[in-house]
Amino acid sequence: MTIFALGVNHKTASVALRERVAFSAEQLHQALPVLREQTGVQEAVILSTCNRTEIYCHGQASAALLLSWLADYHQLSVAELRTHSYSYEDTQAISHLMRVASGLDSLILGEPQILGQVKQAYQFAKNQASVGGVLERLFQNSFRVAKTVRSETRVGENAVSVAFAAVNLARHIFAQLDSARVLLVGAGDTAELVAQHLTEQGVQHLMVANRTLDRAAAVATRFGGQAHTLGELPELLPQADIVISSTASTLPIIGKGLVESALRERRRQPMLLIDLAVPRDIEAQVNDLNDAYLYTVDDLQGIITENIKNREEAAAEAEQIIAEQTAAFSAWLRSLNHVDLIRDFRTRTEAMAAEQLVRAQGQLAAGKASDEVLQELTQRLTRQFLHAPTRIIRAAGAEGDYTTLAVFKQFNADDE
């Protein structure tokens with residue numbers, strides 16, 4: 001019995017191929033049962049995100065079978081998929097899942113979103129009765145490892161994207177972002193990501209100005225802001241404590257004069273301006289103004305480079321945690337060998353019986369009635385033999401562990 005991991009991700013495949021291999025929620029409903037029908041697949045989980053599609057399974061299948069199934073399901077060439085995929089078995093598969101859940105295999109090192117996505121994939125498979133005792137334990141262990149990595153290392157700290165770095169800078173300058181008025185100039189992908197981070201940091205006053213009002217409204221509505229056109233900038237700038245700009249304009253759209261007028265109207269209250277655009281949206285001369293603090297994407301890039309270095313150093317600590325936990329899980333997996341389990345079970349029960357036999361013989365030698373001794377012997381052995389199974393069944397019932405309950409149900413059925 002083997003644990004397999006097969007997949008494609010941002011390091012091995014293009015966006016176009018990843019899109020073709022991805023599973024929608026509707027497809028997963030159909031795909032998991034079909035995958036379980038494949039020879040040798042006992043348990044399976046499919047993880048599908050924008051950056052990766054991975055299959056984890058336990059059984060006697062092979063990586064070649066999983067690759068062929070994935071290619072057939074998405075009507076792809078096996079040869080093409082093989083070129084852009086990777087596969088792991090047992091220890092490597094265990095380590096890979098723990099690395100994925102901990103954000104060490106992500107496009108952005110240490111990003112936290114992947115853990116939630118792995119949890120969703122696991123829960124979906126569990127709801128489909130596609131997870132048994134081995135993958136159940138593997139995924140739960142991986143979640144614990146990810147939590148340990150997050151709490152005991154700094155792999156998830158510090159900004160490593162331009163959007164988050166901009167918001168992080170604003171958070172350090174303005175202690176309370178919930179009272180700051182923020183103006184986003186532009187409504188593209190970067191601006192939308194900035195808006196998301198701002199909202200997560202508690203920003204309540206958000207204005208979005210864009211060349212087209214419809215696009216500004218789409219972003220503003222999503223994050224509870226107000227939509228405006230670029231033509232309204234002279235009226236909007238005096239209201240803004242923080243200005244973050246990221247348009248596709250080839251020329252600056254916020255000049256020194258415009259900011260100077262805004263500062264006069266603000267009665268010299270300071271303004272933080274962050275220009276994420278290339279070419280620049282905000283004239284460099286704005287930095288010459290008192291009370292105007294301008295940062296460009298180059299300024300942020302220096303911060304990001306240093307933060308990436310810090311995350312990489314923390315990742316080395318995380319890898320050590322994962323190596324230790326992988327070894328521990330692999331040892332547990334090896335302990336599931338049925339021959340060893342039978343031997344250990346027999347040894348333990350024979351030791352119990354021998355102990356109680358000695359006690360019964362002592363009672364008989366002391367003159368206690370034989371029928372009373374036999375009755376006590378039977379009761380003691382029954383209690384000892386049933387103690388561990390009863391404890392396990394109760395715990396399984398409390399935790400909703402239907403896999404364990406099913407095993408004991410089958411044991412009773414076979415006994416009948």
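I looked up Glu-312 and found it in helix α13, residues 297–334. I took helices (H or I, at least four residues) and strands (E, at least two) as DSSP runs, numbered from the N terminus. The model is predicted: local features need pLDDT of at least 70, side-chain atom pairs count only at pLDDT 80 or more, and totals for chains, interfaces and linings use all residues. Residues are numbered from 1 along each chain as its sequence is written, and side-chain values use heavy atoms, with hydrogens and water left out.

I then noted a patch of negative charge on the surface, where Glu-312 gathers with Glu-306, Glu-313 and Glu-317. Patch members have over 30% relative accessible area and no salt bridge; like charges are joined within 9 Å, and nonpolar side chains (Val, Leu, Ile, Met, Phe, Trp, Tyr) within 5 Å. The areas come from the Shrake-Rupley method with a 1.4 Å probe, and for residues only the protein chains shown count as cover. A salt bridge is a side-chain nitrogen of Lys or Arg within 4 Å of a carboxyl oxygen of Asp or Glu.

**The antiparallel sheet**

I found an open sheet of four strands, ordered β2-β3-β1-β4, with antiparallel pairing. The edges are β2 (41–48) and β4 (86–89); each has a single partner strand, so one side of each is left without a neighbour in the sheet. Direction ignored, neighbouring strands here are turned by 15° against each other on average. For such angles, axes are lines fitted to C-alpha atoms (for helices over the stretch in contact), and angles run from 0 to 180 degrees between N-to-C directions.

I counted strands as paired if DSSP finds at least two bridges between them. Between β2 and β3 (residues 52–59), which run antiparallel, I noted seven bridges. Ala-44 has Cys-57 in β3 as its bridge partner.

**The parallel sheet**

I looked up another open sheet, with six strands in the order β7-β6-β5-β8-β9-β10 and parallel pairing. Here β7 (226–229) and β10 (292–296) stand at the edges with a single partner strand each, so one side of each has no neighbour in the sheet. From one strand to the next, the twist averages 20°.

Strands β8 (residues 242–245) and β9 (residues 271–275) run parallel and are joined by four bridges. I found that Ile-244 has its bridge partner, Ile-274, in β9.

**Backbone notes**

I checked Pro-279 in the loop between β9 and β10. The peptide bond to Pro-279 from Val-278 is cis, with omega near 0°.

I also checked Asp-90, which lies in helix α5 (residues 90–101). Asp-90 is not a glycine, yet has a positive phi of about 45°.

Conventions: Lys and Arg count as positive and Asp and Glu as negative; His and the chain ends are not counted. The place of a charge is taken as NZ of Lys, CZ of Arg, CG of Asp or CD of Glu.
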